[in-house]
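Hi there,

Here is the structure I promised to pass on to you. Have a look at it first, and then read on below for what turned up in it.

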Amino acid sequence: MAEYRYELYMADLKRVTAEEAVRRGHALTACVVTFGCQMNARDSEKLLGILLEAGFEESASEEADLVVINTCTVRENANTRLYGHLGHLNSMKREHPDKIIALCGCMMQEADEVEKIRKKYRFVDIVFGTHNLYQFAELLLRRMTGEKRVIEVWEKEREIVEDLPVRREVPWKSGVNIMFGCNNFCSYCIVPYVRGRERSRAPEEILAEVRRLAADGVIEVMLLGQNVNSYGKTLPEPVSFASLLREVCRVPGIERVRFMTSHPKDLSDELIRVMSEEPKVCPHLHLPLQSGSDRILAKMNRHYTKAGYLALVEKIRAAMPDISLTTDIIVGFPGETEEDFEETMDVVRQVGFDSAFTFIYSPRTGTPAAALPDQVPKETVDERFKRLLDLVQKTGGERSGRELGKTLPVLVEGEDEHCPGRVTGRLGNNVMVHFPGDLSLIGTIVPVKLTDYHGFYYIGERI
Ligand code: SAM
Ligand code: SF4
């Protein structure tokens, strides 16, 4: 158990927040804006948990008394978007000088960006990084008790702090961090630099959290890590991800288990077996390909080949024929030739992913790939990107709709926005289903017969 006790600061923060609310004549409101991946989304739930416990009220509007922006930096456009956003917040703060603006997340782990904010964005009140997120209550307290600006970013990760309060986005599902950081150093990727080295949480901590979530009404959990397949390797008593997954499935009350992300180089036969044996594990696997060219994969430091990836897919499909496969692909990695790109297209054709996130390569300062010669010209990348997108849509379309006529469990998530009297939910493989039903079904799993298919969603009827 870590030594840092956020409760010590929380007691003071609660008092100061209450006093400030009296001074301003209204309860203080807080808006947390999240950019990026599920890790960031989960971190934002912790930030909001801390704020609600301190006495802030949640607000969806950036007019709030406190705005926290949880940043992403995986691609350049994420950084550009932040600076656009800051301009807007600055004008709001000119009208309301009491407004507090805090920045955190991956981009704040980049020293150059923090320097720029320190010098040119002086209206930003608080800056912290991914490693000291759990200090948020302390940093906010310092700002609210007179410190003009609080900028504190740690270069390196320290201990894992358990048991921070969390405000879940929805009551029935939750992300659960099983590990932090990444050791893979794919040559294009900034994550290992901004999220630190890989650290796994102890399995008993994870299971205790899942039990608490189940007791609190959660029926679906998503186990989160940059590469869940290497979970547990560095623990004092090593544990495999597959065995953790099996244990999570044993928790009473949990009905669906998802996980992300799986690196193809570490996906074990044991994991395939557990996935195929445990009915609670959703029939979906996100398996980032990045490129289909062996030459590019080697330059990316991915440690698998096109043939290895295809063989893995075959093994997975042999064990779970109905599984939904999704992927990430990067177009325009330095030195990518037309032949390399065709290898990627070939994998897409052969696998027939259900869907794919396609990204244009974005050079990230400090990563090895950013210093490589032969950056691919923009027109070539744009043209390849379009071809890839067309193919992904075509092959995805060919596989979609295959559940038509079946009766499958659907987790109901809300009212169908376009049709009152209908609700919307998701199949285990994430595909959306709309069917007649009332709002009391939200947050439950019900069997639904899939009667009609409309491109990317089903219409059904409850059985
Ligand atoms: N750890 C996960 C993995 O290995 O799949 C995902 C991490 S990253 C946040 C999500 C995706 O962003 C990656 O799979 C990759 O396709 C993409 N990505 C990362 N760095 C990138 C870059 N420099 N340019 C374009 N896409 C990038
Ligand atoms: Fe980035 Fe590779 Fe780690 Fe994923 S596995 S976070 S792509 S370095």
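Let me start with ligand 2. Its surroundings are made up of Cys182, Asn184, Phe185, Cys186, Tyr188, Cys189, Val191, Pro192, Gln226, His263 and Arg302, where a residue is near a molecule if one of its heavy atoms lies within 4 Å of it. This shell divides into 7 nonpolar, 3 polar and 1 charged residues; here Ala, Val, Leu, Ile, Met, Phe, Trp, Tyr, Cys and Pro count as nonpolar, Asp, Glu, Lys and Arg as charged, and the others, Gly among them, as polar.

A word on the conventions. This is a predicted model, in which local features need pLDDT of at least 70 and side-chain atom pairs count only at pLDDT 80 or more, while totals for chains, interfaces and linings use all residues. Residues are numbered from 1 along each chain as its sequence is written, chains are lettered from A and ligands numbered from 1 in the order in which they are written, and side-chain values use heavy atoms, with hydrogens and water left out.

Next, the helices. Helices (H or I, at least four residues) and strands (E, at least two) are DSSP runs, numbered from the N terminus. Two packed helices are described by the angle between their axes and the distance between the axes. The axes are lines fitted to C-alpha atoms, for helices over the stretch in contact, and the angles run from 0 to 180 degrees between N-to-C directions.

For helix α7 (residues 203–215) and α8, the packing angle is about 25° and the axes are 10 Å apart. That makes α7 roughly parallel to α8 (angles under 35 degrees count as roughly parallel, over 145 as roughly antiparallel, 65 to 115 as roughly perpendicular and the rest as oblique). The crossing of α7 past α8 is right-handed; a crossing is left-handed if the near helix is turned anticlockwise from the far one by less than a right angle, and right-handed if clockwise. In this pair, Pro203, Ile206, Leu207 and Val210 of α7 meet Leu244, Glu247 and Val248 of α8, with contact meaning heavy atoms within 4.5 Å. The contact residues divide into 6 nonpolar, no polar and 1 charged.

α8 also packs with helix α9 (residues 269–277), at an angle of about 15° and with the axes 8 Å apart. These two helices are therefore roughly parallel to each other, and α8 passes α9 in a left-handed crossing. From α8, Phe241, Ala242, Ser243, Leu245 and Arg246 meet Glu270, Leu271, Val274, Met275 and Glu277 in α9.

What about the loops? Leucine 235 sits in the one between β10 (220–224) and α8 (241–249). Its relative accessibility is 12%, so leucine 235 counts as buried (buried means under 20% relative accessible area, exposed over 50%, partly exposed in between, with a 1.4 Å probe and protein chains only). Beyond its neighbours within four places in sequence, leucine 235 touches Ser200, Arg201, Ala202 and Pro203.

Finally, some backbone features to look at. Most residues other than glycine have a negative phi, and most peptide bonds are trans. Methionine 260 and threonine 261 are joined by a cis peptide bond, with omega about 10°. Aspartate 374, not a glycine, has a positive phi of about 60°, and at 55% relative accessibility it counts as exposed. Asparagine 430, also not a glycine, has a positive phi of about 85° and, at 28%, counts as partly exposed.
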